[in-house]
Amino acid sequence: MSSSTTPRPSVLFVCVHNAGRSQMAAAYLTHLAGDRIEVRSAGSAPADSVNPAVVAAMKEVGIDISAETPKILTVEAVQASDVVITMGCGDTCPVFPGKRYLDWQLDDPAGQGVDAVRPIRDAIETRVRALIPEVAPA
């Protein structure tokens, strides 16, 4: 690694179950930014599996997240991330100085069908597209 190589910025998306919003956001960021940004997602109380309606809604836009599994939020994941984006996890998200925190107010897709998930998905895509140049300027 040459001395001019800077580490990739990293983004952590957090919601309660890591089964919907944070999975969609992580998938979009990975899809749109490629390997320019390191992407993580986690939940404070992870579900057993990713919401099937979320998987279906993402498949409609050509992104397959069917192999993803919800992960528990760890202190290490937060410490390793430059930007932490919370989505309704409230006080369960650990806060460390020196990190950039954003809170995205988004409806929870839990228990919703694909029709209800689509607008949440599209709102996440819009936010992720705006985030990329902020986190990893070209």
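Which residues in helix H2 (residues 52–60) are buried? They are Ala53, Val54, Val55, Ala57 and Met58. Notes follow.

1. Basis. This is a predicted model, in which local features need pLDDT of at least 70, side-chain atom pairs count only at pLDDT 80 or more, and totals for chains, interfaces and linings use all residues. Residues are numbered from 1 along each chain as its sequence is written, and side-chain values use heavy atoms, with hydrogens and water left out.

2. Helix H2. Buried means under 20% relative accessible area, exposed over 50%, and partly exposed in between (1.4 Å probe, protein chains only). Helices (H or I, at least four residues) and strands (E, at least two) are DSSP runs, numbered from the N terminus. The buried residues of H2 pack against helix H1 (21–33) and helix H4 (114–135); contact here means heavy atoms within 4.5 Å.

3. Ends of H2. At its start, a side-chain oxygen of Asn51 comes within 2.8 Å of the backbone nitrogen of Ala53. Just after H2, Gly62 has a positive phi of about 80 degrees.

4. Helix H1. Of its 13 residues, 10 are buried, so H1 is largely enclosed by the rest of the structure. Among them are Arg21, Gln23, Tyr28 and Leu29. The cover over the buried residues includes strand E1, strand E2 (38–43), H2 and H4.

5. Geometry of H1. The expected span is 1.5 Å times one less than the number of residues. For the 13 residues of H1 that gives 18 Å, and the end C-alpha atoms are 18 Å apart, so the two agree. Just after H1, Gly34 takes a positive phi of about 60 degrees.

6. Ser22. This residue lies in H1. Its relative accessible area is 0%, so Ser22 is buried. Its side chain makes a polar contact with the side chain of Asn18 (2.9 Å). A polar contact is a pair of N or O atoms within 3.5 Å; within protein, one must be able to donate a hydrogen and the other to accept it, and residues adjacent in sequence count only if both atoms are side-chain atoms. Leaving out residues up to four places away in sequence, Ser22 touches Phe13, Val14, Cys15, Ser41, Ala42 and Met87.

7. Aromatic pair. The structure holds 1 aromatic pair. The ring centres of Phe13 and Trp104 are 5.8 Å apart and the planes are at 50 degrees, so the pair is tilted. Rings of Phe, Tyr and Trp (its six-membered ring) pair if their centres lie within 6.5 Å; planes under 30 degrees apart count as stacked, over 60 as edge-to-face and the rest as tilted.

8. Placement of the pair. Phe13 sits in strand E1 (residues 10–15), and Trp104 in the loop between strand E4 (100–103) and H4. The two are 91 residues apart, so to speak linking distant parts of the chain. Both Phe13 and Trp104 are buried.
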